[in-house]
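Let's walk through this model together, one question at a time. Have a look at the sequence and the 3D view first.

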Amino acid sequence: PSLLAKAESIDTAADPAGAVTAWQQVLATMPTGARERPRALLGLGEALVTASRSDEALPILKQVEHARDARPDQRARATTLLGSALADANRIDDAKAKLADAIAAWRNISPRGGAQEAIALNILATAHFAAGDLAEAERIGVQSIDLYRKSGAPEDAELVGFIGNMSTITLQARKLEASEAYAREAMTLAGRILPEDHPTAIVALTNWVAVLAAQNRREESVDILKRIAVLREKRFGPDYPPLAITYNNLARNLLFLGRAAEGEPYARRAVAIGEKTRDPADQVLAAFRDNLADQLVDLGRESDSVEIRRRAIAGLGNGNQQRAMRLRASLGKTLLKMGDDEGARQQFDLVDQWQARTLPETHPDRIEIRSYAVLLAARIGKPDAREKLAALASDIERELFANADPDRRASSVPDLLARLLDASWLVGDRDTGFRVAQLMALDEAGRAIYAVSARTAARLPEAAALIRRRQDLLAERDRSTQAALRAFGKGGADYR
């Protein structure tokens, strides 16, 4: 009984590792047929799910779900947690089905609905989010918050988490104002009812960081991420897995700000924690290594970055080929930069073969790899390079410009167009080169206009200055263009 009381006194959300240990001690001393065994198994299963050890939680929770001596509410809670564990394991369809069972079980227990049904609904919203069904995720998420509040449950960490999830869902749906409102609400509520270092309060801060990143307010993001790192390390120690995610995000923000020298140590700490706490084939560990490689490339240490990316690819083995191909694409770009055309070609060929089986010809990722293939073909003088260049330019114009808003084009598009421009010079295709140059000008103008409108929408004071600067730049470009035309015109050349 004393061990049971100790286990139940632990806040599982705040100390999942401590809760796992406590419930394991309870079960180690409890007879197999003890009346409280379902309760202890449920406690251990919940602690394992919270500690991101879902594979271990699944068989334990199934015992509770099918235990004859478990109460209906215990079985329903086990079903809810099973849905969460399945979602964590990326078994989304299984998770949806299990959560539907959980919602039905809670309605049988409380026909008018209650807090536990709201929790199951919120996890279901997360599963729809993971499946890319943002509209359904948002609808269910709103429903879960309304039901939780109507149930009479107190304002607590669960509610903060619900609201934070809505910030994430609406941000992914590109509803920036709604996402910012949810993030502010979650932070305000967490600040009022939770300790600063409570895991849910920290997650509320990370949601706010995501909103700032969407508004390109990375300087503010860096300061908050540094604070999150301090809180997580102080509360959970230097090897806490979510701490690695914080370090990784901090490094990426610093990289975007042109501060790779400051970001690289954080990226290395993320990799070190990941290597201690994750399976070698884990895709998150691969992402940490990929980020470290990006930092090294920015610092001019391409050879070191190649070694890191090869380790990441080897670690993945035959798992998660999508992540592996992203790594190979990045590796190919670095090898190309280093002048290793043959090594780059090998990587791009592997990516192209995989993409040919999984993506349409005009998918943005496919287009990017095709651009590298065209550039390499132009460099070595392959006879079909000119034909492939013209076809790719047409696909880019149609797919990335005619059918897409400026803010939906990937940040890699300017580099992609530059590769095509280089290829057009190499094969002597002036007409395609001119088309690509026009697209480059259109892309630059669209991005600048979108950046101004985004900052205006965010009510940032520098918006007016940006607009004035944009007008100055346009005027300067007009003057320089006219000067160039006059210079070329004297010789009667084709001066488009």
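Buried means under 20% relative accessible area, exposed over 50%, and partly exposed in between, with a 1.4 Å probe and protein chains only. This is a predicted model, where local features need pLDDT of at least 70 and side-chain atom pairs count only at pLDDT 80 or more, while totals for chains, interfaces and linings use all residues. Residues are numbered from 1 along each chain as its sequence is written, and side-chain values use heavy atoms, with hydrogens and water left out.

Q: Is Ser144 buried or exposed?
A: Ser144 sits in helix 8 (residues 134-150); helices are DSSP runs of H or I with at least four residues, numbered from the N terminus. Leaving out residues up to four places away in sequence, Ser144 touches Ala118, Leu121, Asn122 and Phe162, where contact means heavy atoms within 4.5 Å. Its relative accessibility is 0%, so Ser144 counts as buried.

Q: Which side chain of opposite charge is nearest to Arg218?
A: Arg218 lies in helix 12 (residues 218-236). Lys and Arg count as positive, Asp and Glu as negative, and His and the chain ends are not counted. Arg218 is buried and has no salt bridge, that is, a side-chain nitrogen of Lys or Arg within 4 Å of a carboxyl oxygen of Asp or Glu. The nearest side chain of opposite charge is 10 Å away and belongs to Glu219.

Q: Where do the buried residues of helix 6 lie around its axis?
A: The buried residues of helix 6 are Ile92, Ala95, Lys98, Leu99, Ala102, Ile103 and Trp106. They cover an arc of only 145 degrees, so they lie on the same side of helix 6; the arc is that of the directions from the helix axis to the C-beta atoms. Exposed Asp93 and Asn108 are on the face turned away from the buried side. What covers the buried residues includes helix 4 (54-65), helix 5 (72-88) and helix 7 (115-130), and the answer about their place is the same side of helix 6.

Q: How many of the 16 residues of helix 15 are buried?
A: Helix 15 (residues 283-298) reaches 23 Å from its first C-alpha to its last, close to the 22 Å expected, which is 1.5 Å times one less than its number of residues. Its buried residues are covered by elements including helix 13 (241-256), helix 14 (260-277), helix 16 (302-316) and helix 17 (321-337). Helix 15 is largely enclosed by the rest of the structure, because the number of its residues that are buried is twelve.

Terms used. Helix = DSSP H or I, 4+ residues; strand = E, 2+ residues; numbered from the N terminus.
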